[in-house]
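Here is a colleague's note to read beside the model. Please keep the 3D view open while going through the points.

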Amino acid sequence: MPSSPISSDCALDATDPESLPSRTIYNAPFYYQCAIGLLKPLYRLQVWRRSHNRDNYQQEVAQRFGKQYPPRPVAEATNTQTNKGVIWCHAVSLGETNTVAPLLDTLLADGYQIWLTNTTQTGFARGASRFADEIAQGRMSHSYVPVDSPAVIEAFLAHVKPIVALFVETELWANILTKLSEHRIPSILVNGRLSASSFQSYQKIAAVSASMMKNLTLIIAQDSESAKRFRQLGANSAQIRVAGSLKWVINTPKIEDKATDIEDNYTENPSVLNGQSESLKEPKLAEEMTIAGRPIWVAASTHSGEEETALSLHQQLLSHPVLANALLIIVPRHPERFDEVAALIQASELTMARRSAEDTIHVDTQVYLADSMGELMAWYKLADVALVGGSLVDVGGHNPVEPASVATPVLMGRYTQSCQSVVDKLAEVGALYQPNNVFYRPVTVNAATTNTSQQSSRKKPAAKEDAALIYQQLVSWLSDLEGAKQAGQAGARMTIQQQAVLTRQFTMIKEVIEQHVIQQPSQELL
């Protein structure tokens with residue numbers, strides 16, 4: 001889509017603060033505004049160092065600093081009922097983009113247009129691919145997020161003219177929220193999550209945090225703990241609603257083979273599949289890759305330090321008499337680490353095949369490096385067990401609902417603060433095993449699960465002991481595939497039960513928009 005320059009005559013007609021009713025505006029502390037002004041050129045230098053060799057560098061700089069943007073999204077010309085205005089949604093990176101995607105699908109279907117912004121390049125790439133059709137049709141526009149500078153934000157808002165702004169999970173910027181408040185544009189934190197560590201960070205800048213909390217129109221929190229922390233930072237109870245996590249709603253096709261007994265539930269509850277249009281690229285992957293009948297597990301969305309653990313676990317598995325033909329599929333989180341992970345596998349002396357090289361998996365292949373993009377759900381569906389990354393190292397854990405939704409049982413390490421409520425619910429039904437998780441209840445009781453569940457009341461074990469417990473559960477599931485299947489199906493059923501969160505958050509957003517329109521009846525939606 002061609003870019004549009006930001007011109008001086010592009011005014012905030014729809015949200016002119018002079019014409020709107022008065023409302024208290026909470027400015028960020030002066031020291032914060034000064035700091036942003038001083039850091040702005042340094043941030044531009046950082047962008048140059050990171051991106052100047054990329055083809056889209058000029059585009060990225062222009063968008064981050066308010067110089068040029070794509071055209072505003074427009075309603076479908078054939079449907080006059082789908083011109084409800086533009087919603088700005090900011091999702092930091094890949095994870096947040098995936099999380100909010102079904103909600104954006106629902107808003108688009110309801111007649112709104114979307115302007116999506118991202119902070120990271122991985123998030124931007126995901127947004128561009130996930131919503132390629134909507135962007136091509138002009139119903140959605142996509143850019144990098146503007147820096148938190150008042151002049152840049154004014155230029156951005158003047159061009160986009162949003163009727164509401166959505167921020168996903170945690171990332172908030174004080175000047176942006178102040179400017180939205182000045183222009184009477186409602187701001188909503190969707191799927192709001194505030195971990196203990198993030199809460200402590202926000203407390204260190206208490207005055208800045210308080211201004212942000214008070215400028216937000218609505219905080220839709222994932223859980224009561226996050227809601228409590230938002231209140232402690234300065235939000236009013238009337239601003240906060242608890243609605244559950246959108247991580248339960250993902251872009252997953254129907255389960256075709258591993259949970260046929262619950263397939264009817266998907267048919268009877270079409271909302272479960274709302275926005276889930278992505279299809280698995282490999283519906284008969286096991287047969288095509290000649291690996292049918294082998295125990296398969298996947299280590300997915302892995303970070304540095306996690307591949308070594310997965311390889312160590314796999315070496316132990318191969319020495320197990322029942323699992324000597326097991327196959328490990330490794331899916332690194334970031335593509336720039338593909339070659340690094342390949343070198344790790346080679347150093348382990350395990351036999352490797354690579355997806356990018358179109359290598360054939362032979363009977364003696366022990367590790368398959370899935371160094372490709374956009375196929376994660378295919379690997380989850382193929383595997384008998386999934387180890388979800390970002391949890392063995394202190395990243396916070398990636399979304400376990402993805403494997404659970406295709407009836408694959410899940411293993412995770414101790415670092416799951418980004419999705420703890422989801423982890424606990426899956427653990428309760430035996431679909432997810434995490435060392436030391438007091439909620440874990442095995443679907444089938446055996447020596448391994450009984451032993452590990454008894455560990456739950458003890459002090460958290462060291463990382464090596466975590467790995468030992470994960471290994472026990474991995475062996476338990478891979479050597480009892482029927483038990484693993486039952487655990488996976490329990491996770492799929494839980495995923496279905498949690499789908500109402502999408503409707504709840506969507507309804508709350510619409511209520512804010514409608515209230516805003518009632519308060520400003522003369523506002524024209526451009």
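1. Confidence. This is a predicted model. The average pLDDT of the chain is 84. A score of at least 70 is reached by 82% of the residues.

2. Over residues 252–283, pLDDT stays under 50. The model still has 67 contacts there beyond four places in sequence. Residues 521–526 also stay under 50. For that stretch the model has twelve contacts beyond four places in sequence. Where pLDDT is low, the predicted coordinates should not be read in detail.

3. Helix α10, the buried face. This helix spans residues 224–233. Its buried residues are Ser226, Ala227, Arg229, Phe230 and Leu233. Why do the buried residues of α10 line one face of the helix? Seen down the axis, they fall within an arc of 165°, so one face holds them. As background, an α-helix has 3.6 residues a turn, so residues three or four places apart point the same way.

4. Helix α10, its cover and its ends. The buried residues of α10 are covered by elements including β7 (187–192), α8 (196–204) and α9 (206–215). Strands β8 (218–221) and β9 (240–242) are also among the covering elements. At the start of the helix, Asp223 brings a side-chain oxygen to within 3.3 Å of the backbone nitrogen of Glu225. Just after the helix, Gly234 has a positive phi of about 130°.

5. Arg193. This residue sits in the loop between β7 and α8. Its relative accessible area is 13%, so Arg193 counts as buried. Which residues does Arg193 touch, not counting those up to four places away in sequence? Two of them, Ser226 and Phe230, are among the buried residues of α10.

6. Helix α7. This helix covers residues 174–182, and eight of its nine residues are buried. The buried residues are Ala174, Asn175, Ile176, Leu177, Thr178, Lys179, Leu180 and Ser181. Their cover includes the helices α1 (30–51), α6 (150–160) and α9. It also includes the strands β3, β6 and β7. Just after α7, Arg184 takes a positive phi of about 55°.

7. Aromatic pairs. How many aromatic pairs does a search of the whole structure find? There are nine. In one of them, the ring centres of Trp88 and Phe167 are 5.5 Å apart and the planes are at 70°, so this pair is edge-to-face. Trp88 belongs to strand β3 (residues 86–91) and Phe167 to strand β6 (residues 162–168), so the pair ties together parts 79 residues apart in sequence. Trp88 has 0% relative accessibility and is therefore buried. Phe167, at 1%, is buried too.

8. Tyr433 and Tyr440 form an edge-to-face pair, with 5.1 Å between centres and 80° between planes. Tyr433 is buried at 1% relative accessibility. Tyr440 is buried at 3%. Elsewhere, ring pairs link Tyr69, Trp88, Trp115, Phe156 and Phe167 into a cluster.

9. Charges over rings. Arg130 places its charged end over the ring of Phe131, 4.7 Å from the centre. Lys214 lies over the face of Tyr26, and its distance from the ring centre is 5.9 Å.

10. Arg139. Is Arg139 buried or exposed? Its relative accessible area is 17%; the cut-off for buried is under 20%, so Arg139 counts as buried. The residue is in the loop between α5 (132–137) and β5 (140–144). Beyond four places in sequence, Arg139 contacts Pro73, Val74, Glu76, Leu108, Gln113, Ile114 and Glu134. Trp115, 24 residues away in sequence, is 8.7 Å from Arg139, C-alpha to C-alpha. Trp115 is one of the residues in the aromatic cluster.

11. Ser141. This residue lies in strand β5. Ser141 is buried, with a relative accessible area of 1%. A polar atom of its side chain lies 2.6 Å from the backbone oxygen of Pro71.

How values were computed:
Residues numbered from 1 in each chain as written. Heavy atoms only, no water. pLDDT = per-residue confidence, 0-100. Contact = heavy atoms within 4.5 Å. Buried < 20%, exposed > 50% of the residue type's maximum accessible area, 1.4 Å probe, protein only. Helix = DSSP H or I, 4+ residues; strand = E, 2+ residues; numbered from the N terminus. Arc of directions from axis to C-beta. Polar contact = N/O pair within 3.5 Å; in protein donor to acceptor, adjacent residues only side chain to side chain. Phe/Tyr/Trp six-rings, centres within 6.5 Å; stacked < 30°, edge-to-face > 60°. Lys NZ or Arg CZ within 6 Å of the ring centre and 35° of its normal.
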